Amino acid sequence: MEKDDEWLQELQNEAKSLLVSSDPGTTAGLSNKGHPSSSAWFSQVDYGGTAEELESYFNSCGQINRVTILCDKFSGHPKGYAYIEFADQSSLKAAMELDEGTFRGRVIKVLPKRTNFPGISSTDRGGSRGRFRGRGALPRHANFCGGQCSRPRGRLAR
């Protein structure tokens, strides 16, 4: 039992050190697997640029594992965005210094890759998505008197 507690404490300390040591301006956060991400997001990439050209342009930063250019799924044309996965964090830092650089005549933006954490959504605003209002809710287009009915209640007089 004590070994499990020590092991858990070691893991928590390691996680804290990773979170404290990562500076959002220079490095990316943790990937979904818990390891530091060494990928960068590039925007305003020239539409005629190829993965080989991007790789040769950023090759001076360090070893590149993968270059991904995002394309429209219907037309297949490039969107102007790309990801580059570097071998280590120092390569990522060197690529971040090329922010606002010129690639094929266009000024490109270089940012660390954003990490999506499970269960956290930037678009979820809470509340109900459907039109279900439950029993006793006012009609959608209530009249000017606050949705009160104009029919008499109770027994009808005969």
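## The nonpolar core

The largest nonpolar core holds 17 residues, among which Phe42, Leu54, Phe58, Ile84, Phe86 and Val110 touch the most other members. Such a core is a set of buried Ala, Val, Leu, Ile, Met, Phe, Trp, Tyr and Cys residues joined through side-chain atoms within 4.5 Å; buried denotes under 20% relative accessible area, exposed over 50%, and partly exposed the range in between, with a 1.4 Å probe and protein chains only. Two or more residues of this core come from each of β1 (39-43), α2 (51-58), β2 (64-71), β3 (78-86) and α3 (89-96). In soluble globular proteins, nonpolar side chains tend to be buried together.

Beyond its neighbours within four places in sequence, Phe42 is in contact with Phe58, Gly80, Tyr81, Ala82, Tyr83, Ile84, Ile108, Lys109 and Val110. Contact here requires heavy atoms within 4.5 Å.

## Basis of the description

The model is predicted: local features need pLDDT of at least 70 and side-chain atom pairs count only at pLDDT 80 or more, while totals for chains, interfaces and linings use all residues. Residues are numbered from 1 along each chain as its sequence is written, and side-chain values use heavy atoms, with hydrogens and water left out.

## Overall architecture

The protein contains 3 helices and 6 strands, arranged from the N terminus as α-β-α-β-β-α-β-β-β. These elements are DSSP runs numbered from the N terminus, with helices (H or I) of at least four residues and strands (E) of at least two.

Of the 158 residues, 21% are buried. Among contacts with a separation of 6 or more, 61% join residues 24 or more positions apart. The protein exposes about 12,600 Å², of which carbon and sulfur atoms supply 51%; accessible areas come from the Shrake-Rupley method with a 1.4 Å probe, and for residues only the protein chains shown count as cover.

## Two loop residues with positive phi

Glu100 is located in the loop between α3 and β4 (102-103). Its phi is near 70 degrees, a positive value in a residue other than glycine. Glu100 is partly exposed, at a relative accessible area of 45%.

Arg104 belongs to the loop between β4 and β5 (106-107). Arg104, likewise not a glycine, has a positive phi near 55 degrees, and this residue is partly exposed at 42% relative accessible area.

## A nonpolar surface patch

Trp7, Leu8 and Leu11 make up a nonpolar surface patch with about 310 Å² of accessible area together. Trp7 lies in helix α1 (residues 2-21) and is exposed, with a relative accessible area of 54%.

Patches consist of residues with over 30% relative accessible area and no salt bridge, with like charges joined within 9 Å and nonpolar side chains (Val, Leu, Ile, Met, Phe, Trp, Tyr) within 5 Å. A salt bridge places a side-chain nitrogen of Lys or Arg within 4 Å of a carboxyl oxygen of Asp or Glu.
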